[in-house]
Amino acid sequence: MANREHLALLQQGAVTWLEWRSSYVQIVPDLSAANLCGANFRGANLTKANLKRANLDRAKLIAANLCGANLSAASLCEAELIDANLQKAELVDAQLISAQMMGADLAYANLIGADLRGVDLKAADLSHANLTAAEFIGATLSEADLSVAKLSRASLVYANLTGANFSHANLSSANLYEAEAIATYFYRANLCQANLSEAHFGGAYLFGADLSAAELYLTDLRWTNLSKVNFTNANLIRADLRGANLSRAIFIGANLTEAKLDGANLSKAIFQGAIMPDGKVRH
């Protein structure tokens, strides 16, 4: 439970709280399990604060400093975290449904199993963050930085990923069904066994990405850079690859039945054992 003295100081307002934190920098504020629903903590200094299991639904945390804070299992549904500093914060199993997090800094944060359905993370920094098994259904991640992030088994169904950076990210077994990833950057990303069915990747950059055993049924990959991509054993049935750069791509054992390859660059691509658009196996 929250420390009553710490909670009382916080409730006295921003000035009192700032003065106390400045005077007692060595003290870690304990606000665990506190009911702070709808509270206004705009610009508040909550670095390293213990907010585990706290109720922060609809709270205003715009530009708040939550660097290193523990928000595991906390509820932040519809909270305003625009431009908030959440670097290295613990958000394991946190509830962030429909939160406003545009421009927030979540670099190196731990969000394993977090519920981020409908969250707006436009232009947010999620580089190196651990988002394993996180829920991003219907979320907005356009222009966000997710380079080197861990997204294994994450759900990005219907998510808006337009212009985001997933360079070197781990998206193995992630679900990107019907995601919008137009002009998105996946340089050497790991998408092994990921579900990209009916997603839109037009104009995306996937140079050197691993899409082995990935599900790409009806995926839109028009004018996409897929040079040196590993499609081994991938399902590309009815995928649209028109105008794509597939030079040096590996299609060993892949299924390209009814795939569209008009205008694609197939220079030095490897199709050994692949089922081609006409249904014939390439030997």
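**Nonpolar core and selected residues**

Serine 167 lies in the segment after α2; helices (H or I, at least four residues) and strands (E, at least two) are DSSP runs, numbered from the N terminus. The model is predicted: local features need pLDDT of at least 70, side-chain atom pairs count only at pLDDT 80 or more, and totals for chains, interfaces and linings use all residues. Residues are numbered from 1 along each chain as its sequence is written, and side-chain values use heavy atoms, with hydrogens and water left out.

Serine 167 is buried, at a relative accessible area of 10%. Buried means under 20% relative accessible area, exposed over 50%, and partly exposed in between (1.4 Å probe, protein chains only). Residues up to four places away in sequence aside, serine 167 touches Ser147, Val148, Tyr185 and Tyr187. Contact means heavy atoms within 4.5 Å.

The largest nonpolar core has 101 residues. Such a core is a set of buried Ala, Val, Leu, Ile, Met, Phe, Trp, Tyr and Cys residues joined through side-chain atoms within 4.5 Å. Leu171, Phe231, Leu236 and Phe251 have the most contacts inside this core. Beyond neighbours within four places in sequence, the contacts of leucine 171 include Leu151, Leu156, Phe166 and Phe186. Asn190 is also among them.

Alanine 183 is found in the segment after α2 and is partly exposed, at 48% relative accessible area.
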